[in-house]
Amino acid sequence: MIFGSVGNAKSNSLMNEYASLLSDAVLRHRARVAEQSARIEVELAGKVKSEFIANMSHELRTPLNTVIGFSKLLTQHSQRRLADKEIVEYATLIQDAAGHLLSVINDILDISKIQSGKYTLDAREVNIGEILAGSISSFRTMASEAQIDLRFGIAPDLRPIRGDPEKLRQIFTNIISNALKFTPANGTVDVTARRTTSGGAVVTIRDSGVGMTEEEIEIALTPFGQVDGGRSRWREGAGLGLPIAKALVELHGGTLELHSNKGTGTEVVIGLPARDSVSAVASEKLISNGA
Ligand SMILES: Nc1ncnc2c1ncn2[C@@H]1O[C@H](COP(=O)(O)OP(=O)(O)OP(=O)(O)O)[C@@H](O)[C@H]1O
Ligand SMILES: [Mg+2]
């Protein structure tokens, strides 16, 4: 028994020693892993930040350079006579660049207002079909220049809903412009609107473009997030259209879902509640609270 207890004491102290060695090793390993992941996070944040700054300064600088460059040419008109055609051409370029700049700035203001919960909607009875038809017709030229077949179908039984017509136009414009921007030539973009059984509306914008993976969808929905950011980007933009559209749909009490397959295409499904549904009432409250 005495031997037994001595043996036990010995094995206990050995066990304690092992335990403390093991826990030291575990702690050291954990510290290493934490250090490593903190470093990766810092590196990633730095990369995202510099990509963001590079992209945003490109988005702001390009139109500003156009404005400065062509207005300078116009001011030199007395030294270097310009043809009427050139004057109109330069003024148009300046106008387009300024318009683009204004829309980027408006998007930045919109997302910061949305994020601070200060966005207001001006809701009234709206005809979704009419708003969609307006958005589609503004994209006709762009679609035919890009050789994309832009198709449009509205269910005849679509009912009016309550919403802010300006914001609904902004939502459809942002999503249709993405569909056209990320679909190569000879592709298709289908826009349809149908009525739900509860009297709401479902608008679907489906393209046959480049598509996204699940992870890329997550990036795309984040403000300023762009798939394939950085230098290899093949399309312009600030990365705000999609998150703004989603937030505006949600302010209407609706939902925006993205379904996509890499290389096959993307489908954006926008559900808007019926005029007198509970969520429409909830969104009214949001509007009257000035949220
Ligand atoms: N239909 C689509 N097909 C493939 N990728 C898409 C599609 N829509 C969005 N994306 C991806 O999601 C990203 C974010 O879209 P979002 O509309 O927010 O920004 P953007 O179009 O790049 O710029 P902005 O809309 O601010 O001019 C896009 O850069 C693109 O990588
Ligand atoms: Mg966009």
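The structure is a predicted model. The shell around ligand 1 itself consists of 20 residues.

**Residues around ligand 1**

- Among the 20 residues around ligand 1, those that come nearest are Asn178, Lys181, Asp207, Gln226 and Leu240.
- Sorted by class, this shell contains 10 nonpolar, seven polar and three charged residues.
- Two helices, α4 (165-181) and α6 (241-251), each contribute at least two residues to the shell around ligand 1.

**Backbone contacts and cover of ligand 1**

- Gly239 places a backbone N or O atom 3.0 Å from an oxygen atom of ligand 1.
- For Ala238, a polar backbone atom is 3.2 Å from an oxygen atom of ligand 1.
- Gly241 likewise has a backbone N or O atom that lies 3.2 Å from an oxygen atom of ligand 1.
- On its own, ligand 1 has 590 Å² of accessible area, of which the protein covers 92%.

**The largest pocket**

- Two or more lining residues come from each of the elements α2 (84-115), α3 (128-145), α4, β5 (201-207), α6 and β7 (265-272).
- The element that gives the most to this lining is α4, with 11 residues.
- By class, the lining of the largest pocket comprises 21 nonpolar, 17 polar and 11 charged residues.

**Loop residues with positive phi**

- Gln147 belongs to the loop between α3 and β2 (149-154).
- The phi angle of Gln147 is near 55 degrees, which is a positive value in a residue other than glycine.
- Asn186 is placed in the loop between α4 and β4 (188-195).
- For Asn186, phi is near 75 degrees, again a positive value in a residue other than glycine.

Methods: Residues numbered from 1 in each chain as written. Chains lettered and ligands numbered in written order. Predicted model: local features only at pLDDT ≥ 70, side-chain atom pairs only at ≥ 80, totals over all residues. Heavy atoms only, no water. Near = heavy atom within 4 Å. Polar contact = N/O pair within 3.5 Å; in protein donor to acceptor, adjacent residues only side chain to side chain. Areas by Shrake-Rupley, 256 points an atom, 1.4 Å probe, with all protein chains shown as cover. Helix = DSSP H or I, 4+ residues; strand = E, 2+ residues; numbered from the N terminus. Nonpolar A, V, L, I, M, F, W, Y, C, P; charged D, E, K, R; others polar.
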